[in-house]
Amino acid sequence: MSSMKSMAAGLGLVVMSSVGAVGCSNDSSPYTDPRSIVAPEEVPETKRIRRLTADQFFASLFVATGQRWDDEQQFAATLGRPDFAEVTAEGREMSVGFAKLAGDAARQTCRRAVQQDRETADADSRVILRKIDEVGQLDPFDSNVGENLRYLALRFLGVYAVDDEDRRLQPWFSVLQEGLDPSDEARFGEAEDRWIAVCTGLALHPDFLTY
Amino acid sequence: MSKKYHCPHLSRRALLQGALGGAATYALWPIRPVLAQGAAGHRFVACFLDGGWDVLLAGDPRDPAGSYEGIDLDINRLAPEFQDPFPVSMGGTEQLWGPTMQALAPHADLATFFRGINMNTVSHETAKSYSHTGRQPAGAVAKGDSIGTVAASLHDQGALLPNTAISIPSYNRAFDNRFSAIRMNDPREIRDLIGATQGALPEGVEGLLNQALADAYSCISPAYSGRLPEDELSISRDRILRLQEQDVVARFDFNAETPEMEQLRALYPLGNGAGRATATAAQLLRTDLSTAVTTRVRGGFDTHRGEWATDQPLRLVEAFEAIGAMLTHLRDDDPSFDRTTVLVYSEFARTPKINGDGGRDHWFADTVMVFGSTLKKGVFGASNEQDLGLLAVDPTTGLPEEGGIQLTPEHVMATLVQSLGGDPSPYREDPLNAWIAKELTP
C-alpha cells in the first residue's frame, strides 16, 4: 500500500513538473481552466427567447390542425408581420399580446378541427382524433386515447413517445381524464371540449411556439 | 391500465411549480393593482406624426410680416386660419407657435421645444428609425432602443403591459424582454388584446388546460439560459387572466354609455384615428396598464404636391387636437406633469422652399416637442431664420453661437433619458444638463 502511495506521489510530481515545463512560466498562481463547468445560473443571458413569426405561426397552426384562423390578416401586423416599408424585421418576441392572440387562434382552429373530425367517418382523414375509433360519442377513457395522444405529440411537437408512460404525455392525460370516473356516464359530457383543450394546449406549448 | 393515466410525476410537477412560482413572483412583484388611483410611477407617451411634418406650420414658424431669403411661406395658398403663427410664453420668453397648434396652447406652461435638430437624412425609413431611438441607424435598421422601451424600463412598477406601441414599430435591444412593446396595429385592437378569450372553453376545462400548460415538459428549454420559454408563456397567461379578471376592457369601449366614456367623447375627437390613438394611450396610462405608450397619432404629412396647402395644416390640426385632448386628460390627475412626460415628434421636416409641384419635400432641420416637468421650459436651439437651415448653438443657453454644438437626436434623447433617471451613455453625446430641471429616480 505504501508503495502505491509513493507511486502516486511520484506521478503527481511528474505531472506538476510537466505542467510547469509546458507553461514555461515561473508564475506560481493557480491555473484556471477557462473550459471549467459554469453553473447554469452563472451563464450570461445571451440568447433571447424567439417565437414563431406571425406567418410561421399561421402556417404551423394550419398544418397541425387543418384549419385556418379567421383573423390571420387582421392581426398579422400586431403579431409582428413586417410591412417591409417601415418595419423590415419579423416580430419574434414573446409578449402578452402574442400569447392572447395565439390562444384565441388555437381555440378557434382546434374547435373546428375536433368538430370536423367527429363528422369524418374515415379515421385516416381525421386530423386530431385520428386514432380514436368512436368519434360519435367521445370517451376520455377510450382504449386508444394514449395512442392518439402519442400521435398528437408527434404531430404538434415532433415528440416521439414510445408508450403511454412518457412524462410528456401525462399533462394531456390529465386534461382528458382528471376528475372523471371511467364508469360514470358523465364522462362523455365534456369529452369534446377536453379534446379541444388538448389540441389547444399543444398549439400553445413552448415547443410548438418557440425555437 | 387506468392507473397510468394519473400523472405520477409529482416530483417533476413540484419542480415545475417551484420554477413557475418564481416566474409568477417575477410577474407580480411589485404588485400595482390595475385601476389603482394615484400610482407613483412616471408615465411616458411618445406621439409620432408620420410622414415628415411642416415645422413652419407647427413648431418652428416664421412671422409672415418678415421676409426670408430662403423660405417660401406661401401663405396666400393657406386657409386664413392657417396663415398666422401666434405668440406663446415659454419659460418666460415669448415664442411663436405655428397656426395649427392652437390646441396645444393651453399646455405651453409644460413645453420644451428643441429646434434645428439635424436629422442627417431625408429618407423616411432612416429618419424614422433615428427619431424613434435617438441613435443613428445602420442604413434604415434601428440600432438603439425605442424611447418608450427606455422609459418603461426606468419606471415600470409592475404594470401588466409596461410598454405599448400603437401602429408603430418598437425596438428593444438592451433591455429585458418584459419591456418589449406590446404592439397593436390599430388602437381598437386593445380590446382584443385585453378582452375575453375568444372561443373560451368551459371554466373547468380552461383550468385543466392551464394546469397542463404549467406541467408540460419542454424540450426547447434546455437550449436557453436565463428565463425559459415556458416561464415567459406562463407570465403572459397570468397577465391575461389578471387583465380579464379586472374587466378593464370596458375602459376602452369609447362607445359605451357610461359617464367616463361620455367625458372622453366630449374631450377627444374620437371620430378620427388620431383621437382614438391618443385616447387609447391616455387610458393605458390612467388605468395603470402601461407605463410607456408610443403611438402613431396620424400619417399623411408627406405632402410633396399641391395638397400641402390644404392637407398639411388640416392634418396637423387633427393631430394636435388629439394630443391636446390627451394632455388635458392626463393633467386631470397630474396637473403639473410631475409624473408624466409627453414627447411629440416626426421623422423630419419639410423644405422651406415650395417645389415645382406646389408642395414641400423632405428637410433635415427638425423640431421635437416635450411636455413635462423634467426639462427646463422654453426653446432650445434654432434653425436659421432666413432659410430653415442648421445652426450651431450654445449647449447651455440653446442660443445660436458660432463654434457651438449642432443639435442632433442624440442630444435630445440623452437629455430626456438623463432627466428620466436613465443612462445617457448609449447616445454618445453629453446631455444638455443646463436644460434638465430635475432628474427622476428610477
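Figure 1. Of the 442 residues of chain B, 55% count as buried, where buried requires 20 or more other C-beta atoms, placed from the backbone, within 10 Å of the residue's own, exposed 12 or fewer, and partly exposed a count in between. This is a predicted model in which local features need pLDDT of at least 70 and side-chain atom pairs count only at pLDDT 80 or more, while totals for chains, interfaces and linings use all residues. Residues are numbered from 1 along each chain as its sequence is written, and chains are lettered from A and ligands numbered from 1 in the order in which they are written. The C-alpha trace of chain B spans about 95 × 50 × 40 Å along its principal axes. Chain B has 10 helices and 14 strands, which are DSSP runs numbered from the N terminus (helices H or I, at least four residues; strands E, at least two). Among contacts in chain B between residues at least 6 apart in sequence, 66% join residues at least 24 apart; a contact requires C-beta atoms, placed from the backbone, within 7 Å.

**Figure 2. The open sheet of eight strands in chain B.** The strand order is S6-S5-S7-S1-S8-S11-S4-S12 (chain B), with mixed pairing; two strands pair if DSSP finds at least two bridges between them. S6 and S12 (378-380) of chain B are the edge strands, each pairing on one side only. From one strand to the next, the twist averages 15°. Seven bridges link S1 (residues 43-49) of chain B to S8(B) in the parallel sense, and Phe48(B) stands opposite Tyr345(B) in S8(B). Helix H9 (residues 308-331) of chain B packs on the sheet, where it touches S1, S7 (292-298), S8 and S11 of chain B, and its direction makes about 150° with that of S7(B).

**Figure 3. Strand S11 of chain B and its partners.** Seven of the seven residues of S11 (residues 365-371) of chain B are buried, so the strand is largely enclosed by the rest of the structure. Ala365(B), Thr367(B), Met369(B) and Phe371(B) point one way from S11(B), whereas Asp366(B), Val368(B) and Val370(B) point the other way. S4 (residues 111-118) of chain B runs antiparallel to S11(B) and is joined to it by six bridges; here Ala111(B) stands opposite Phe371(B). S8 (residues 340-346) of chain B is also antiparallel to S11(B), with three bridges, and Val342(B) has Phe371(B) as its bridge partner.

**Figure 4. The side of chain B that touches chain A.** In this interface, 50 residues of chain B are in contact with 52 residues of chain A. H6(B) supplies the largest share of the chain B side, eight residues. By class, that side has 25 nonpolar, 14 polar and 11 charged residues; Ala, Val, Leu, Ile, Met, Phe, Trp, Tyr, Cys and Pro count as nonpolar, Asp, Glu, Lys and Arg as charged, and the others, Gly among them, as polar.

**Figure 5. Helix H4 of chain A against helix H6 of chain B.** The axes of H4 (residues 96-118) of chain A and H6 (residues 229-246) of chain B come within 9 Å and cross at roughly 80°. That makes H4(A) roughly perpendicular to H6(B), a term for angles of 65 to 115 degrees (under 35 is roughly parallel, over 145 roughly antiparallel and the rest oblique). Axes are lines fitted to C-alpha atoms, for helices over the stretch in contact, with angles from 0 to 180 degrees between N-to-C directions. Val96(A), Ala99(A) and Lys100(A) in H4(A) meet Leu233(B), Ser236(B), Arg237(B), Arg239(B) and Ile240(B) in H6(B). The residues of this contact divide into four nonpolar, one polar and three charged.

Methods: Contact = placed C-beta atoms within 7 Å.
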